[in-house]
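I opened this notebook to record what I looked up in one structure, entry by entry.

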Amino acid sequence: HTGWRGAAAGILNATLDVLNETGSRPVRGAIGPAIRPCCYEVGADVATQIEGFTSTTTWGAGSVDLPGFISARLEAAGIAIWDAATCTMCDPGFHSYRRDGTALRQTAVAWLPPR
């Protein structure tokens, strides 16, 4: 998981560097359900950190495409992407603090197949 701060700080590239250094070069990545640019309202201070991936919400506010930003970084590293393409704020089947004020969150599970 990375929010805009981690993404802007380069946490994804740093993680890929460490994985590559240990001989565990990733070949596939997944972007799960997340808030999408249709609903991810942010201020100009955030938008300038995610340059090239600014957008507009469905109500006309400034937004960023954080999943698109992450996907572009993974693709640039030669990693195949699977994207759930689901907005957690639009889809009531997912928890959303922005929509409901809930403290509940989604969980992700990842694994390496046996060699």
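**Entry 1**

I began with Thr86, which counts as buried because its relative accessibility is 18%, and the cut-off for buried is under 20%. I note that the model I consulted is a predicted one. I located Thr86 in the loop between strand S4 (80-83) and helix H5 (97-100). Leaving out residues up to four places away in sequence, I found that Thr86 touches Pro33, Ala34, Arg36, Asp91 and Phe94.

Arg36 was my next residue. I found Arg36 in the loop between strand S1 (28-31) and H3. Is Arg36 buried or exposed? Arg36 counts as buried, because its relative accessibility is 11%. Beyond its neighbours within four places in sequence, Arg36 is in contact with Ile31, Pro67, Asp83, Ala84, Ala85, Thr86 and Cys87.

**Entry 2: The nonpolar core**

I then looked up the largest nonpolar core, which has 20 residues. Tyr40, Ile50, Leu66 and Ile70 have the most contacts inside this core. At least two core residues come from each of helix H1 (4-9), helix H2 (11-21), helix H3 (44-47) and helix H4 (66-76). Which helix gives the most to this core? I recorded H4, with four residues.

I also listed the partners of Tyr40. Not counting residues up to four places away in sequence, Tyr40 touches Trp4, Ile35, Thr57, Gly62, Ser63, Val64, Leu66 and Arg98.

**Entry 3: Helix H4**

I examined H4 from its start. There, a side-chain oxygen of Asp65 reaches to within 2.8 Å of the backbone nitrogen of Gly68. The buried residues in H4 are Leu66, Pro67, Gly68, Phe69, Ile70, Ser71 and Leu74. Their cover includes H1, H2, S1, strand S3 (62-64) and S4. After H4 comes Gly78, and I noted that its phi is positive, near 80 degrees.

**Entry 4: The ring of Phe69**

I returned to Phe69, which counts as buried because its relative accessibility is 6%. How many aromatic pairs does the structure hold? I found one. Phe53 and Phe69 form this pair, which is edge-to-face, with 5.6 Å from centre to centre and 90 degrees between the planes. The pair links distant parts of the chain, since Phe53 lies in the loop between H3 and strand S2 (54-56) and Phe69 in helix H4, 16 residues apart. Finally, I noted that the charged end of Arg73 sits over the ring of Phe69, 3.8 Å from its centre.

Key
Residues numbered from 1 in each chain as written. Predicted model: local features only at pLDDT ≥ 70, side-chain atom pairs only at ≥ 80, totals over all residues. Heavy atoms only, no water. Core = buried A, V, L, I, M, F, W, Y, C linked by side-chain atoms within 4.5 Å. Buried < 20%, exposed > 50% of the residue type's maximum accessible area, 1.4 Å probe, protein only. Contact = heavy atoms within 4.5 Å. Phe/Tyr/Trp six-rings, centres within 6.5 Å; stacked < 30°, edge-to-face > 60°. Lys NZ or Arg CZ within 6 Å of the ring centre and 35° of its normal. Polar contact = N/O pair within 3.5 Å; in protein donor to acceptor, adjacent residues only side chain to side chain.
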